[in-house]
Amino acid sequence: MSDPQTVSVPGRIMAAEMAEQPAVLQRILDEGAPKIRQIAAEIAARNPRFVLLTARGTSDNAALYAKYLIEILLGKPAGLTSMSTTTAYGAKPDLTDVLVVTVSQSGGSPDLVASTKAAREAGAITLAVTNNASSPLAEVSEFHIDVLAGPEKALPATKTYTAELLALYLLVEGLRGGDGAAAKDLPGLAAAVLSRHAEVKALAERYRFAQRLVITSRGYGYPTAREAALKLMETTYIPASPFSGADLLHGPLAMVDNVSPVIAIVPDGKGGEALQPVLDRLRGRGADLVVVGQQAQVDAASAGFALPAGVPEEVQPILEILPLQLLAYEVTIARGQDPDAPRALAKVTETH
């Protein structure tokens, strides 16, 4: 009789890693937070002029989340870097007193390592946020934060993404002298969301034969829209276009009709308020609108997934992505594919 642990069950690894997320979040709060506070205090004492964020793929969406945190909570300008300006064109910007944060699950991509090394040589304060403390990226950076997610074997990143989000939130809180209290209930809330897997499985039937998807949000929810689109594309192979709600109104809304599936992530706060006119326009066009957000917003849509109430908006993305990870998993299984091993992908993408 075969050992069930050795039988190749499609999605087994991804499912197990999604289920680990509450424990990973708790580990960061218990074990990682003190070191993150210490690093943040050292960086804050040097008073960086502004912040540049460097990443690829899933980590790029985590970096975008950090950009919102930095600009809203710290009041400092923040930008996402274009690594090719350094690695391909050899540009040498003056980065004196600039904080450069490089986010990478593996810490192994050559362009991330090269651009971070160049930033440090150009005078930047460099910080790597990775899941690998012995990675080349950690070695070339002045500071390093380990997101403590443990080995991630499925090709789609799940637990490392939410771990990066929490680590970046705690970093920004440390930079402004905050206590990170908004994050204290996240492990329990994440467990509650993941326990509702059956709701997502029912929702997945809507997308089994979808030809394309539009995903939209605003504010803190926009990185979630991008990450959800990436997860769906890399696992289900369905083209999924993520748009800021504001950008959706500037033209792409024309492609939405009464058979177009749209997923809207509606933050409970200013981002959701800003998205409201977009939701009204989508309903007016008869779109098949599914909402991830508060119960009232779900009730006003075609279907959806209600998130816990009362969570501060700046940490809601850590919960918002969970049902969308489950959705990517369930749609992939329904389409007869293996979410653990999407075609043409590798765990470490060696771009230069």
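**Salt bridges and a sheet**

Mentor: Consider helix α10 (residues 222–236), where Lys231 and Glu227 lie four residues apart, about one turn of the helix. Helices (H or I, at least four residues) and strands (E, at least two) are DSSP runs, numbered from the N terminus. The model is predicted, so that local features need pLDDT of at least 70 and side-chain atom pairs count only at pLDDT 80 or more, while totals for chains, interfaces and linings use all residues. Residues are numbered from 1 along each chain as its sequence is written, and side-chain values use heavy atoms, with hydrogens and water left out.

Trainee: How far apart are the closest N and O atoms of Lys231 and Glu227?

Mentor: Side chains of opposite charge can pair when their charged atoms come close. A salt bridge here requires a side-chain nitrogen of Lys or Arg within 4 Å of a carboxyl oxygen of Asp or Glu. The Lys231 to Glu227 salt bridge has its closest N and O atoms 2.8 Å apart. By this rule the count is 12 salt bridges.

Trainee: Are Lys231 and Glu227 buried or exposed?

Mentor: Buried means under 20% relative accessible area, exposed over 50%, and partly exposed in between (1.4 Å probe, protein chains only). Both Lys231 and Glu227 are buried. Arg196 and Glu199 also form a salt bridge, at 2.8 Å between the closest N and O atoms. Arg196 is partly exposed because its relative accessible area is 23%, and Glu199 is partly exposed at 39%.

Trainee: Which helix holds both Asp280 and Arg283?

Mentor: Asp280 and Arg283 form a salt bridge at 3.4 Å, N to O. Both lie in helix α12 (residues 270–284), three residues apart, about one turn of the helix. Elsewhere, salt bridges with shared partners link Glu227, Lys231 and Glu234 into one network.

Trainee: In what order do the five strands of the open sheet stand?

Mentor: Strands of a sheet pair through backbone hydrogen bonds, either parallel or antiparallel. Two strands count as paired if DSSP finds at least two bridges between them. In this model the order is β2-β1-β3-β4-β5, with parallel pairing. The edge strands, each pairing on one side only, are β2 (78–80) and β5 (143–146).

Trainee: How many bridges join β1 to β2?

Mentor: Three bridges connect β1 (residues 51–55) with β2, and the two run parallel. Within this pairing, Leu52 stands opposite Gly79 in β2.
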